[in-house]
Amino acid sequence: MSAQPEAPPTAQPLLRVEGLRTWFPIKAGVLRRTVGHVRAVDDVDLEIPAGRTLALVGESGCGKTTVGRSILRLVEPQAGHVWFEGVDLLGLDPGALQPYRRKLQVVFQDPMASLDPRMRVRDIVAEGMRSFGIGASSAERTERVAAMLSRVQLDPDQMWRYPHEFSGGQRQRIGIARALAVEPRLVICDEAISALDVSIQAQILNLLRDLQDELGLTYLFITHDLGVVRYLADSVAVMYVGQIVETGETEQLFREPAHPYTRGLLAAIPSVDPERRSAAPQVLGDVPSPANPPPGCRFHTRCAEAFERCPREAPALYPVAHGASRCFLSEGRGSADDAKDSAKRDRS
Ligand code: SF4
């Protein structure tokens, strides 16, 4: 993509994703011909104001990790825009993209797999600083590593140890220190707590929240677990087979989920009130393949509320009081102005 990036027409949040499409070719035969595509991300829009957290939620294989990787350009999308600080990252060549790589960092799910076992913690955390020219000398970087480890509540004296000498939770703290060492503005947390015990999950969520308050960070929190987002996220985007099916401010979306899929996900959370759980629609069967998404509403094969129109026509994202819902049953339930007013109310 070589087009000259231009600023979007209106005042921007820190990150705005528009019409993002990342498909992967399916090759077959001796000649490795393209016989189809996995539509991992299919026309996705998202936005996150500076200093806020958006949770991107969905079952395994729905495309949420590919959204994160597309934003970071670890995979190349075929279409769309990723506006960051008003610049379209998808329009930048590798040289122009380099300064933004520092500003967008990622914390991965498996801290053991993402930390080089042969490197000491000091070098793991200092690696990014060195490549982005942070710190005038090795001694200065060591000092910064010590400060980073304190910030994530690890003992700075442990910086000379190797990753295997730490617990899972401690390793995730090292991963967070490594991301923060280069002073990012946006951190993509990709299933960052999924591999941890529940009690450790709560500690890492607390840490992320404290760091956000102290440093003004913006988070894109990618998770399959709708239960954990209530604590951390200001807003939620629910993803299903490559598309966003519901968005909204967190509290309102939990109170009044509009899309049958969101209601099904909420019903699976043990802490949700049993009356609401039994009233929620069941999500039937398995997730369809993004290589062959169902026609019409992609959720119709699993939706207990599907009706005649659903397999024939694809629903738009209709405005609802707290955001938007991609379901015919939400059509006419709210206006864009309602959604904006509701968002303002939640923030005040
Ligand atoms: Fe269910 Fe139809 Fe709504 Fe899709 S459009 S979520 S199938 S009711």
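Helix 1 (64-71) gives the most to the lining of the second largest cavity, with three residues. The model is predicted: local features need pLDDT of at least 70, side-chain atom pairs count only at pLDDT 80 or more, and totals for chains, interfaces and linings use all residues. Residues are numbered from 1 along each chain as its sequence is written, and side-chain values use heavy atoms, with hydrogens and water left out. The chain has 12 helices and 12 strands; helices (H or I, at least four residues) and strands (E, at least two) are DSSP runs, numbered from the N terminus.

**Chain as a whole**

- Of the 348 residues in the chain, 49% are buried; buried means under 20% relative accessible area, exposed over 50%, and partly exposed in between (1.4 Å probe, protein chains only).
- Among contacts with a separation of 6 or more, 61% are between residues 24 or more positions apart, where contact means heavy atoms within 4.5 Å.

**Second largest cavity**

- Three cavities of 30 Å³ or more are present in the structure. On a 1 Å grid over the protein atoms alone, a cavity is a set of points where a 1.4 Å probe fits but cannot get out, and a pocket is an open set with protein on both sides within 12 Å along at least five of seven lines; lining residues have an atom within 4 Å of a point.
- The second largest cavity has a volume of about 50 Å³. Grid points are joined across faces, edges and corners, and a volume is the space filled by probe spheres set on the points.
- Its lining consists of Thr65, Gly68, Arg69, Leu72, Leu74, Val106, Phe108, Ile188, Asp190 and Ile222.
- Helix 1 and strand 7 (186-190) each supply at least two residues of this lining.
- By class, the lining of the second largest cavity has six nonpolar, two polar and two charged residues. Ala, Val, Leu, Ile, Met, Phe, Trp, Tyr, Cys and Pro count as nonpolar, Asp, Glu, Lys and Arg as charged, and the others, Gly among them, as polar.

- The largest cavity has a volume of about 80 Å³. It is lined by 14 residues, and Cys297, Cys303, Cys310, Cys327 and Phe328 are the closest to its centre.
- This lining divides into 11 nonpolar, two polar and one charged residues.
- The space taken by the ligand is the largest cavity; a molecule sits in a cavity or pocket if more than half of its atoms lie within 2 Å of its grid points.
- Around the ligand are His259, Pro260, Cys297, Phe299, His300, Cys303, Glu305, Ala306, Cys310, Cys327, Phe328 and Leu329, a residue being near a molecule or strand if one of its heavy atoms lies within 4 Å of it.
- The shell around the ligand comprises nine nonpolar, two polar and one charged residues.

**Second largest pocket**

- The second largest pocket has a volume of about 450 Å³.
- Its lining has 22 residues, of which Arg101, Leu104, Gln105, Val106 and Phe132 lie nearest the centre.
- Helix 2 (94-103), strand 6 (104-107), helix 4 and helix 6 each supply at least two of the lining residues.
- By class, 13 of the lining residues are nonpolar, five polar and four charged.

**Helix 4**

- In helix 4 (residues 121-131), the buried residues are Val121, Arg122, Ile124, Val125, Ala126, Gly128 and Met129.
- These buried residues pack against helix 5 (138-151) and helix 6 (168-180).
- An α-helix has 3.6 residues a turn, so residues three or four places apart point the same way.
- Gly133 follows helix 4 and has a positive phi, near 70°.

- Ser325 is in strand 12 (residues 323-325) and is buried, with a relative accessible area of 0%.
- Not counting residues up to four places away in sequence, Ser325 touches Val245, Glu246, Ala258, His259, Ala316, Leu317, Tyr318, Val320 and Ser330.
- Ser325 and Thr262 are 63 residues apart in sequence, with their C-alpha atoms 9.5 Å apart in space.
- Ser235 belongs to strand 9 (residues 235-240) and is buried, at a relative accessible area of 15%.
- Beyond residues up to four places away in sequence, Ser235 touches Thr53, Leu54, Ala55, Gly248, Glu249 and Thr250.
- Gly19, in strand 1 (residues 15-28), is partly exposed, with a relative accessible area of 23%.
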